[in-house]
Amino acid sequence: MGHKVVVFDISVIRALWETRVKKHKAWQKKEAERLEKSALEKIKEEWNFVAECRRKGIPQAAYCKNGIVDTNVRLLEKIERNTLARQSSLSKERDKRSSPFVFELSGEQWTELPDSLKEQTHLKEWHINNTLIQIIPTYIELFQAMRILDLPKNQISCLPAEIGRLKNLKELNVSFNHLRSIPPELGDCENLEKLDCSGNLELTELPFELSNLKQVTFVDISANKFASVPICVLRMCNLQWLDISNNSLSDLPQDIDRLEELQTFLLYKNKLTYLPYALLNLKKLTLLVVSGDHLVELPTALCDSSTPLKFVSLMDNPLDNTPCQDGVEVMESERDRQCFDKEFLKAYIEDVKERESVPSYTTKVSFSLQL
């Protein structure tokens, strides 16, 4: 039998496949356009975004407002970068363990300080966090070289009066503990520069004796129950940063302009209905945050270009009719929420400073009343 040979013109085959490829590409383009117009891609993007936020432990209130998911990840990326920076900083701090002047303690297995600590009176820094320690012993007065007392996120319920004997103390951080009062003897720490009592939830006042702290430049008493700005704070003549957010302030004192060096003033989530004209006398104030309050009145000159203010946030006030997210249910502890709020705002402030320009949505303030 002979063989049958089938012969095709190669140009015909090539033309056939080129036609099929063109049709397939046209179909792909049409399908891509259809998906682009479809809501499915938007829903998928939102779901992926929500899943990522949950994986990172970010509260729903940070990205969901009135049921609408905000997929702008700029701030969330900023928080993540700050977390990495803090981890790097903590890593560097751990390297200090070789230093004979630094004491560090962390972990819920600790319910009290080790007995051996009282023999190490040469120490200059204590870094104690995330423990179940409730009491700072009175022998702390023996540590005359102490510069930094960093005691956040413990179970401390009171500070000993002997803390006032630490004449060289420069920084005191007792944030997110269970303090109900601050000892008046702290006013004897004349070299103190930084005081952080935020997140204790139950603090209602600071002792008048703290008026003696003339070197203080930073005070954070946010997330407590202050009904007014403490008198002692108004007498801290070198104060540059004051955070009294998340309290119960209904007004500001008319002599708030005593704080002539104040640069950053955080007042968000209080019960303020107006801002006093005296704020205009703070010639060094560059950042003011009064978001989430009840403002219906404020000096119109506050937003003039003639003022030194570079950033003013009045969001979530009756002035701009922006709905507040206070009613959003968040399944987390009050302390964790307050802590995240602080980190979120710090990330936002840093972002604004980096851009060195006012976001357009913070300048849209509608009001008709004038003091």
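Reader: Quick one to start. Is Asn246 buried or exposed?

Author: Buried. Its relative accessibility is 11%, and the cut-off for buried is under 20%. Keep in mind that this is a predicted model.

Reader: Noted. Where is Asn246?

Author: Asn246 sits in the loop between β9 (241–243) and β10 (264–266). Its backbone has a positive phi of about 55°, although Asn246 is not a glycine.

Reader: Which other residue has a positive phi although it is not a glycine?

Author: Lys269 is one. Its phi is about 60°. Lys269 lies in the loop between β10 and β11 (287–289).

Reader: And how accessible is Lys269?

Author: Lys269 has 23% relative accessibility, so it counts as partly exposed.

Reader: Back to Asn246. Asn224 touches it, I see. What else does Asn224 touch?

Author: Leaving out residues up to four places away in sequence, the contacts of Asn224 include Asn247 and a run of residues: Cys197, Ser198, Gly199, Asn200, Leu201, Glu202 and Leu203.

Reader: Where is Asn224 placed?

Author: In the loop between β8 (218–220) and α4 (231–234).

Reader: Buried or exposed?

Author: Asn224 is buried, at 5% relative accessible area. A polar atom of its side chain lies 3.1 Å from the backbone oxygen of Ile221.

Reader: Switching to Thr131. Where is it found?

Author: Thr131 is in the loop between β4 (125–129) and β5 (148–150). Thr131 is buried, with a relative accessible area of 1%.

Reader: What does the side chain of Thr131 reach?

Author: The backbone nitrogen of Ile133, at 3.2 Å. There is also a polar contact of 2.6 Å between the side chains of Thr131 and Asn154.

Reader: On to charges. How many salt bridges are there in the whole structure?

Author: Five. One of them joins the side chains of Glu141 and Arg165, at 2.4 Å from N to O.

Reader: Why does that pair tie together separate parts?

Author: Glu141 lies in the loop between β4 and β5, while Arg165 lies in the loop between β5 and β6 (171–173), so the bridge ties together parts that are 24 residues apart in sequence.

Reader: How accessible are those two?

Author: Glu141 is partly exposed, at 25% relative accessibility. Arg165 is partly exposed too, at 47%.

Reader: What does Arg180 form a salt bridge with?

Author: Glu202. Their closest N and O atoms are 3.8 Å apart. Arg180 is in the loop between β6 and β7 (194–196) and Glu202 is in the loop between β7 and β8, so the pair ties together parts that are 22 residues apart in sequence.

Reader: Is Arg180 buried or exposed?

Author: Exposed, with a relative accessible area of 60%. Glu202 is partly exposed, at 29%.

Reader: Which lysine does Glu202 meet in a salt bridge?

Author: Lys225, at 3.4 Å from N to O. This pair links distant parts of the chain, 23 residues apart, with Lys225 in the loop between β8 and α4. Shared partners join Arg180, Glu202 and Lys225 into one network.

Reader: And how accessible is Lys225?

Author: Lys225 is partly exposed, with a relative accessible area of 42%.

Reader: What does Leu149 touch?

Author: Among its contacts are Trp126, Ile140, Ile163, Leu166, Leu169 and Leu172. Glu171 and Asn173 also touch Leu149.

Conventions. Residues are numbered from 1 along each chain as its sequence is written. This is a predicted model: local features need pLDDT of at least 70, side-chain atom pairs count only at pLDDT 80 or more; totals for chains, interfaces and linings use all residues. Side-chain values use heavy atoms; hydrogens and water are left out. Helices (H or I, at least four residues) and strands (E, at least two) are DSSP runs, numbered from the N terminus. Buried means under 20% relative accessible area, exposed over 50%, partly exposed in between (1.4 Å probe, protein chains only). A polar contact is a pair of N or O atoms within 3.5 Å; within protein, one must be able to donate a hydrogen and the other to accept it, and residues adjacent in sequence count only if both atoms are side-chain atoms. Contact means heavy atoms within 4.5 Å. A salt bridge is a side-chain nitrogen of Lys or Arg within 4 Å of a carboxyl oxygen of Asp or Glu.
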